[in-house]
Amino acid sequence: MSMAGRAKVDRNNPDPLKRKQPLLGLQLLGSFRQTGDRLWEEGFVYDPKNGKTYRCKMTLEKEDTLSVRGFIGFSLLGRTETWTRVK
């Protein structure tokens, strides 16, 4: 919730019709295909901070650690975040 008591919305979405949808529950990842024992590729990641969608791949590094790499074009040109499972 924002300070005004209203849910934050996807105000940076390139589609004007989607700019009022709440961020809570918004699909940020999708369309992945498992291509290895601990590797998923050919998916997307959406960044609501800038309204852009990037190609994405994910690698399960450890049981509780997921490496998420978003990129444009080739995987070399991108950013990786490490997500850790909350216990």
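Predicted model: local features only at pLDDT ≥ 70, side-chain atom pairs only at ≥ 80, totals over all residues.
Residues are numbered from 1 along each chain as its sequence is written, and side-chain values use heavy atoms, with hydrogens and water left out.

Let's stay with R85 for a moment. Leaving out residues up to four places away in sequence, R85 touches E63 and D64 (contact means heavy atoms within 4.5 Å). A polar atom of the R85 side chain lies 3.2 Å from the backbone oxygen of E63. The C-alpha atoms of R85 and L66 are 8.2 Å apart, although 19 residues separate the two along the chain.

Is R85 buried or exposed, and what about L76? Here buried means under 20% relative accessible area, exposed over 50%, and partly exposed in between (1.4 Å probe, protein chains only).

| Residue | Relative accessibility | Class |
|---|---|---|
| R85 | 52% | exposed |
| L76 | 80% | exposed |

L76 is found in the loop between β5 and β6 (78-84).

Now for the inside. The largest nonpolar core has 5 residues, namely V45, C56, M58, L66 and V68. β4 (52-62) and β5 (65-71) are the elements giving two or more residues to this core. Such a core is a set of buried Ala, Val, Leu, Ile, Met, Phe, Trp, Tyr and Cys residues joined through side-chain atoms within 4.5 Å. Skipping neighbours within four places in sequence, V68 has contacts that include L29, C56, M58 and W83.

Technical notes
Helix = DSSP H or I, 4+ residues; strand = E, 2+ residues; numbered from the N terminus. Polar contact = N/O pair within 3.5 Å; in protein donor to acceptor, adjacent residues only side chain to side chain.
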